[in-house]
Amino acid sequence: MRLSLTPVAAALGAILSCTHGAPDAGRVADAAAPPRSAFEVYPAAEVAGLESPHDYKGKALCQRCHEPSLALVKPVNALCRECHSFGHGNHPVDVVQNKAVKDLPLLAGGNLGCHTCHDPHQRKVVLRKPFNALCQSCHVGH
């Protein structure tokens, strides 16, 4: 099943301007980082068993999550769960955000995705904002 990028236009903008290889700016995505490099498909045998698709040859391995058209190969939360476990203390995903959030990408219907809080297009998956500011984007007064 492929997720259409049409419902997540904000995420498409992030994908097209992603900053592979940008330095980890205090665990916050660096908006001033250089633009991403071109989508490059590597032979399956070369990338089989790759531990982290976030950093391969100095950039993210686009083909791990995207088709060459940039469509996701499966829903974003399912992709993240293939490598990352979600235990105690992690914020739930696939739930509807009940407050309008202008500056964070949501899935269709206002559902939270891993990419709502994290920028997967960095060498290290970092928060989109400083921790407290990120939480207060949705949880006013906490």
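Biologist: How far is the sulfur of Cys135 from the closest cysteine sulfur?

Modeller: This is a predicted model, and in it the distance is 7.3 Å, to the sulfur of Cys117, which is too far for a bond. A disulfide would need the two sulfur atoms within 2.5 Å.

Biologist: Is Cys135 buried or partly exposed?

Modeller: Cys135 has a relative accessibility of 30%, so it counts as partly exposed.

Biologist: And Cys114, which cysteine sulfur is nearest to that one?

Modeller: A search of the whole structure turns up 0 disulfides. For Cys114, the nearest cysteine sulfur belongs to Cys80 and is 3.8 Å away, and Cys114 is in no disulfide. Cys114 is buried, because its relative accessibility is 9% and the cut-off for buried is under 20%.

Biologist: Cys80 sits in a helix. Which residues of H3 are buried?

Modeller: Helix H3 covers residues 76-83, and its buried residues are Val76, Asn77, Leu79 and Cys80. They span an arc of only 160° around the axis, so they lie on the same side of H3.

Biologist: What covers them?

Modeller: Helix H4, residues 114-117, is included in what covers the buried residues of H3.

Biologist: Switching to charges. How many salt bridges are there?

Modeller: The count is 6 salt bridges. As background, side chains of opposite charge can pair when their charged atoms come close. One of the pairs here is Arg64 with Glu82, where the closest N and O atoms are 2.6 Å apart. Arg64 is in the loop between helix H2 (44-47) and H3, while Glu82 is in helix H3, so this pair ties together parts that are 18 residues apart in sequence.

Biologist: What else does Glu82 form a salt bridge with?

Modeller: Glu82 also forms a salt bridge with Lys74, and there the closest N and O atoms are 2.4 Å apart.

Biologist: Which residue does Arg81 pair with?

Modeller: Arg81 forms a salt bridge with Asp94, with 3.4 Å between the closest N and O atoms. This pair links distant parts of the chain, since Arg81 is in helix H3 and Asp94 is in the loop between H3 and H4, 13 residues apart. Salt bridges that share partners also join Arg64, Lys74 and Glu82 into one network.

Biologist: And how exposed are Arg81 and Asp94?

Modeller: Arg81 is partly exposed, with a relative accessible area of 41%. Asp94 counts as partly exposed too, at 42% relative accessibility.

Biologist: New topic, histidines. Where does His66 lie?

Modeller: His66 is in the loop between H2 and H3. His66 counts as buried, at 9% relative accessibility.

Biologist: What does the side chain of His66 reach?

Modeller: The side chain reaches the backbone oxygen of Leu70, at 2.9 Å.

Biologist: What about His118, where is that?

Modeller: His118 is in strand E1, residues 118-119. His118 is partly exposed, with a relative accessible area of 32%.

Biologist: Which residues is His118 in contact with, leaving aside neighbours within four places in sequence?

Modeller: Those contacts are with Val125, Val126, Leu127 and Arg128. For His118 and Leu134, which are 16 residues apart along the chain, the C-alpha atoms are separated by 9.9 Å.

Biologist: Let's step back to the whole chain. In what order do the elements run?

Modeller: There are 5 helices and 2 strands. From the N terminus on, the order is α-α-α-α-β-β-α.

Biologist: How much of the chain do buried residues make up?

Modeller: Buried residues are 35% of the 142 residues. Of the contacts between residues at least 6 apart in sequence, 47% join residues at least 24 apart.

Biologist: Last one. Where does pLDDT stay under 50?

Modeller: It stays under 50 over residues 1-35, and the model has 66 contacts beyond four places in sequence for that stretch. Where pLDDT is low, the predicted coordinates should not be read in detail. For the chain, the mean pLDDT is 74, and 73% of the residues reach 70 or more.

Methods:
Residues numbered from 1 in each chain as written. Predicted model: local features only at pLDDT ≥ 70, side-chain atom pairs only at ≥ 80, totals over all residues. Heavy atoms only, no water. Buried < 20%, exposed > 50% of the residue type's maximum accessible area, 1.4 Å probe, protein only. pLDDT = per-residue confidence, 0-100. Contact = heavy atoms within 4.5 Å. Helix = DSSP H or I, 4+ residues; strand = E, 2+ residues; numbered from the N terminus. Arc of directions from axis to C-beta. Salt bridge = Lys/Arg side-chain N within 4 Å of Asp/Glu carboxyl O. Polar contact = N/O pair within 3.5 Å; in protein donor to acceptor, adjacent residues only side chain to side chain.
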